[in-house]
Amino acid sequence: TARAFFQTAATLSPHLYEPHFNFASLADKMGDLQGSYIVVQKALKAYPEHMESQELLQQLKKYFDDGKFAWEMIGKLSLLRGLNRTIGTRICACGQRRNFSGEIEETFDLVVIGGGSGGLACAKQAASLGARACVLDYVAPSPAGTKWGLGGTCVNVGCIPKKLYHRAAILNEGFHEAPAYGFDVPGKVALDWPTLMGNILSHTKSLNWGHRVSLKDKKVRYYNAFGSFVTPDVIKMKSPKGEESFLKAKNVVIAVGGRPVYPDVEGAKENCITSDDVFTLKSPPRKSLIVGGSYVALETAGFLCGLGFDVTVMLRSIPLRGFDREIAKLIVQNMEARGVKFLRRCLPSGFRKDDGNVKVTWKDKDGASHSEAFKTVMLAVGRRPVTDALNLSNAGVEVNTENGKLVGHDGESTNVNGIYAIGDVLDGRQELTPVAAQAGRLLADRVFGKDPSAKMDYSAVPTTVFTPLEYGCVGMSEEEAFGKFGEDNIEVYHAFYKPLEFYLPQIDAKQCYLKIITGREKPGKVLGLHFLGPNAGEVVQGFGVAMKAGLTKAILDRSVGIHPTNAEELVKPLVTKRSGADPAVGAC
Ligand code: FAD
Ligand code: NDP
């Protein structure tokens, strides 16, 4: 009766839940778990902004601390996250004073949830410092049914297969260049997709196995199980068969990474694939549409085109948001020159199965509808950390409600003592394998005594976009530098260049370009370095190290190049944009 009354009251009169109203005592009077939950829920719905007030929090804390609330309540409260995640998390933290009384399988100094780039590095380093460490890794199959082994995104559905497909595409270009070097290449070099896919899959499987062996060697316990929090220091493991067991952890590292998101468009999950699936397609993708405009989209479009497929990219806004705009444009130009089609300012509105194809409908910027059939549609519209099922509320860990990432305090610490987050799951950090791995190793050094001051430096992290013409960069884009220091205080040096290897086969080098962004004051601290051309990753790695050591334009000017390379272009005299001089290709 009470429940029905308050439910009705909540609907009719939101004033019942004004901030000054002591709904905790109201709920208390009801003496009913379910009723209390409804009251709290309604209050949050009516006044989410007021729920941030300390006063209300104190009331809640008192209410939860008095121990009336059972475990079940905490679980239910996690639902509140849908309304107001931050407050829900804090309420749950107050409520979960209860100790776990189930059976603990084992106690570890470190439990790592997630066996990807960050988690594996952290656990191994911790074990090498004498900690009892374990890793829990579980891969939920993608909606298209793809699953994989230990090692996380990088090894299975990221960097490694991507780079190998990219390599295959470059090799295919090589066949076209070879006649210029005197090779008699048969008319058509055919790709056998199953062989390519199978060989790459064999390699990633060998890496899965390698990771298992190396965990064993380093004395890190590995569980193929899904981890979630019961309390801040008790982790529930669920095996693929559904068996549950519990571990006690002195420290927990959350390294669960992310998974591709699906747009809220009819047929997206049923008829499209993502980067989780593209590397292990049993038959060639043929005519493909890639939706999205960032790293994953452009890299995939690039290698599929390089392998000879008909590829279209659908952009809703700009390509490669966050990167140097001028270079992003050159990348798209280069891909277009290679045959990739771009649908600009378009949004998909439906994906339907149609006679073995996927019929895609979309709207352009003027609202006009279009449709076309593709054999394969890959969605690359971003990734989301897989934090929802971790029961973080049971541990009181703070989550950024907008993107589901964990909020880092002073590096990789969360708001809860002894619980840390590394890699793609950490808010505001680069989503890159070496970042996750380095942060993991340094965290282990810090927690397990090797170096209490060891800290990850997230600045000037070099990266490469493996598009057909690779783009390597470190530091700021031109726009970022202007925004931060003002245009008058920045010097931009730039040049177009022609790689030697482009001459004989007469490859168009229109987009081979580099740019160095420095402070204007002598000696010209290098703030950003950008290289668009062959092997950009290899070129930029060393310059990234130099930037960490305080690279200046004066040092670059004194440096001697290695001839003939593309990297030497970065130590040649370049023209400034300010001078207005032509940055065109110079002589050898
Ligand atoms: P992950 O590697 O994603 O590992 C997390 C692991 O935790 C996964 O195995 C996951 O299944 C598991 N897990 C999740 N939840 C649970 C749970 N509750 N219990 C147990 N296990 C769980 N980076 C680069 O530096 N260079 C590149 O060239 C590059 N290319 C990429 C290409 C693609 C297509 C993609 C998608 C990414 C690429 N990245 C690249 C990014 C890189 O892969 C990630 O930054 C990196 O893998 C992040 O590591 P992580 O440890 O944070 O998470
Ligand atoms: P990003 O979040 O970087 O990009 C998502 C893209 O999808 C953007 O172009 C975005 O457009 C677009 N988009 C978002 N929502 C929609 C929608 N509803 N409809 C159409 N388009 C949409 O994600 P990625 O998956 O490409 O990359 C994730 C991370 O993985 C990267 O940040 C990177 O750190 C890492 N990575 C690294 C690689 C490397 O090192 N070489 C390679 C691949 C990935 P908009 O700009 O308008 O928001």
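In this predicted model, a polar backbone atom of A380 sits 3.4 Å from an oxygen atom of ligand 2, a polar contact being a pair of N or O atoms within 3.5 Å. Within protein, one atom of such a pair must be able to donate a hydrogen and the other to accept it, and residues adjacent in sequence count only if both atoms are side-chain atoms. Oxygen atoms of ligand 2 also lie 3.0 Å from a backbone N or O atom of G293 and 2.9 Å from a side-chain N or O atom of S294. Alone, ligand 2 exposes 930 Å², of which the protein buries 77% (Shrake-Rupley areas, 1.4 Å probe). Helices here are DSSP runs of H or I with at least four residues, and strands are E runs of at least two, numbered from the N terminus.

Strand β17 spans residues 463–465 and includes T463. This threonine counts as buried because its relative accessibility is 14%, the limit being under 20% with protein chains only as cover. Leaving out residues up to four places away in sequence, T463 touches Y295, F323, L432, Y471, G472 and C473, contact meaning heavy atoms within 4.5 Å.

Local features need pLDDT of at least 70 and side-chain atom pairs 80 or more, while totals for chains, interfaces and linings use all residues. Residues are numbered from 1 along each chain, chains are lettered from A and ligands numbered from 1 in written order, and side-chain values use heavy atoms, without hydrogens and water.

How values were computed
Buried means under 20% relative accessible area, exposed over 50%, partly exposed in between (1.4 Å probe, protein chains only).
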